[in-house]
Each structure stands twice: as C-alpha cells, then as structure tokens.
Amino acid sequence: MSKAVAANQTSMQRFLNAVERVGNMVPHPVVIFLILIAIVIVLSAILGMFSAGVTLEQINPDTHKVEQVTTQIRSLLNAEGIRFIYTSLIPNFMNFTAVGLMIGAMIGAGVAEESGLINALIRKLVLVSPAWALTYILAFCGILSSVAADAGYLVLLPLAGVAYLSVGRHPLAGLALGFAAVAGAFTVNMLIKPLDAVLVEFTNDAARLVDPNISIGLASNVFFSIVSVIFLTVLIAFITDRIVAPRLGPYKPEAASAASKGTESSELTPAEQRGLKFALYGLIGLLVVFALLTLPPGAPLRNPDTGELIGNSPFMNGLIALIMLAFLVTGWTFGIGAGTLRTLSDVIKAMEKAVAGLGGTIFLFFVLSQFVAYFTFTNIGTVMALSLAGTLQAMNVGPLALLIGFIVVVAIIDLLLTGAIAKWAIFAPVFVPLLLKLGVEPESVLAAYRVGDSPMNAITPLNAYFALMVGFTQKYDPKSGVGTVVSLMLPYVVWIFVLWTALFALWQVLGLPWGL
C-alpha cells in the first residue's frame, strides 16, 4: 500500500513539474495578456458577424428585478467597439479597483515592514506557536481575511511567505498556502461580510419568482460556512504539508532576491519588545477611535438608513482603510519604540519605498485592466455562462445531480468571469426557481454557488491577484513564473473542489440546516 501511495505521489510530482516547465516557457505575463486581448478582439469580431447571443432571465443589479435579457456578442472591430477601445484606455485602468486596494494596503504595510514590525510579529508568532500549528493558523487567518474583501491577498500572502521563511521552510509553500486560503475559500467565512448581503438579496429576488413570500436572511448559510471554514483550514494545511512543501524541498536562499533575505527566527531584542508594546498602545488607540465611529447609534460609519454595522455599511465597505491605518499606526509606533522610524520623514520614505516597489505590478495591472474591460464589453463570458446554464436547466436529472452540475458549471465559468456578484446575477434567476420547484430550498442553491465560485480563483489569470502572486514568487525565486504558480495551486484547486463538493452533497443528503 505504501509503495502504491509513493508511486502515486511520484506521478503527481512529475505531472506538476511538467506543468511548471511548460507554464514557465510562456512569455512574460504582460505579453500573455496582450495576446489574449488580440484573441478577444478577433473572436468578438467573428462571433459578432454571426450575431451570436442567448436570451434568458437575469437579475438587474441596479433594480434587483428579474428581466428578460437578450445578450449578444459585441464586436470590438466595428465602429462602436473601436470607439470603446480608444476612449476607455484610462478609465479601464482607473476603474480597476485592485490597483487602489493594492496601493492603499501597501502604504500601511510598507511602514510596518520598514519599521521591523512585521518581522518581529512573525518571529513572535513562531516563538509562541507550536511548529505544527503554524500552517493551520495561517490557513485559518487566510480564509477569514475575506471579510476585508480583496485586502486578504495584499496582507496574508506576503505574511505567509515570510512566516515560512522564518522557520526555515520554503517561502513558496507559504505563499501557496496563503493564496489557496484567500482565493480558494473566498465565499465562506465565520463572519457576515458585505458580499453575503448582495448574494442573499439576489437569491430572494430569484426565489420570489416562484413564491413572493419566500425570504432568506444574511445568516442563511452560516452553519455551512462555519463548517466549511474549519474543513478547508484542515484540508489546505494538509495539502501544504503533504504535497506542496515536499515537492518544493529545502529552500536555497542564495537563489532569492535581496529583498527576501535576512529573515531569521530568533528571540526578540529589548528594543523590539519595547516596539511591540508601543505598537499595542497604538492599536488600542486606533480601535478606540473606530469604536467611537461605529458603536454608538447613529455613528457615521453605520448604515445611515438601517443603522446596521455588519453587512452593507460604510464601515464594512471601507474596511481597507482600517487595515491601512492599522499597519500605518502600529508600524509607526513600533518604529518609535524600537528606534527604527524616528521621524515623520522616515515614515514617508517607508511609504515611498513600498509604492516604488509596485512599478512592475502596476504596469501589469494596466494591461490586465484592458483585457478584463474588453472581455466584459464583448459579452463572450456572459453568453457562455447563459448557454451553459440553459443546457443544465434542460437536463432531466434529480435535484442533487442538478446541484452538483450547477457547481461544475459555476467553476468552469469562474475561469472567465471572476466576479461573484456578476455571476450570481446570471445564475440566480435560472437555478433558484428551477430547484425551488423541485423542493430544494434557496439556501441550498446559494451554498452550492459558494462551493463552485471559489476554488478556480487560484488558477485563473483573470483574477487580478494571480499576477500579484506571480510577483511574490519571483521575490524568492527569480526564475519562477506563471507555470510555477499554476503547478503550486493545482493540488489545492483539485482537492478543494472535489472534497468541498462532497461535503456539500453529504450536507444536502442528510438534510442539515444551512444556517439561521
């Protein structure tokens, strides 16, 4: 039995190594997206000539009403398409929210890193945590980081790499762990987040097509989400320790860039201990300020109409600001205590250094933003999603098989349409009423959507942070590229998708409650 397992592992390693070699033979990511832009332009023109399209019901994101929509492929080579290409160059980039989030987060993170706070915190975490628990802690924090929307990519990924490096483990395994946790489980959490409010609202709109009295709440999937977080934490940690880390082997720091060297695991110096105390005082002060802005009735960061704090509120919608300030305040106060950042000029220089290091990534995001905008304009992804939805809808299968087929379709489309809200606006009015007529409650359909929407985020180039992941890997291994990231993430994607789907099917068969 052990020989069979070893043989299977060897075969998997060879396959992943082949994926990495082939993937790294492709051009620079910027060149890849330029080629993809050309493909989209040509494909849109060809499909536009044949008036390709599809008609189905879809939820209007603005009015939340279900409308009969005919979606056709739009050419980028006719007059309208050429005008769009010419006039949208800068707006496409300015509307690419990943850029603003990344710069905002890195302004604060740059101060925390330059002051030595991040290094000290990681070493403190390593010192107080059992060695076996580090992977589980990072996986758990990565999954929960989705409460801050995309900020988890910007914070958890580099922290996981540094944490692994500090204990002598391969930093690429830490990066893979962080990316799998943040991207692969993005739709579930132990807390209610802004995304939940939108998904639930669309679900209710679709369900009322069948029964106007049906309504589910924000916590309708909370039980399944909590169990999924625990399940995925263990699964992601297991894959990291048993598949990804052994394949990478020991880390050779001489191959890394200078920026990744010099991290050591050792006892904190008295100056660092004092810096951590100052950082704690700074964090407490910041939390007091935000408590005054959020907790009292009518506080400015509560929803002005409903008064809610969790869900659709200024506090949750602007959570990146709290994260940026947390890094900035704690990094600065740590620097004062430890003597590493003594003046305001030192802090500003740390910010400038962090932003200056993003030049290559920002340029990549500029090209990526054009591709995403062109792809969205053509409606190619939307037509494909609607076509697959119609095909699955027409299949004469039972509720469970239909739910599993739905998960598969969502996963396939996630390679082309990464936005969770945009896809649910398409799928909800098709599958929620269909399954409701078969006796399947809306909570089940929403839970199935959560399972299908997450795992593929870790390997699709249309995820803006896939490019960021490539940049982080090159920090530790300059020879790495797209193939490296894909080969690292494939084990997570496959096992998360298969086993999470199995958990969903078991939950459905047992008739367990999905939430409150």
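**A tryptophan and its surroundings**

Author: Let's start with Trp332: Trp332 is partly exposed, with a relative accessible area of 30%. Buried means under 20% relative accessible area, exposed over 50%, and partly exposed in between (1.4 Å probe, protein chains only). By the way, this is a predicted model, where local features need pLDDT of at least 70, side-chain atom pairs count only at pLDDT 80 or more, and totals for chains, interfaces and linings use all residues. Residues are numbered from 1 along each chain as its sequence is written, and side-chain values use heavy atoms, leaving out hydrogens and water.

Reader: Switching topic: is Thr135 buried or exposed?

Author: Thr135 is buried, with a relative accessible area of 0%. You'll find Thr135 in helix H7 (residues 133-144).

Reader: What is Thr135 in contact with?

Author: Leaving aside neighbours within four places in sequence, Thr135 is in contact with Tyr164, Arg169, Leu177, Ala237, Thr240 and Asp241. Contact means heavy atoms within 4.5 Å.

Reader: Which side chain makes a polar contact with the one of Thr135?

Author: That's the side chain of Asp241, at 3.4 Å. A polar contact is a pair of N or O atoms within 3.5 Å; within protein, one must be able to donate a hydrogen and the other to accept it, and residues adjacent in sequence count only if both atoms are side-chain atoms.

Conventions: Helix = DSSP H or I, 4+ residues; strand = E, 2+ residues; numbered from the N terminus.
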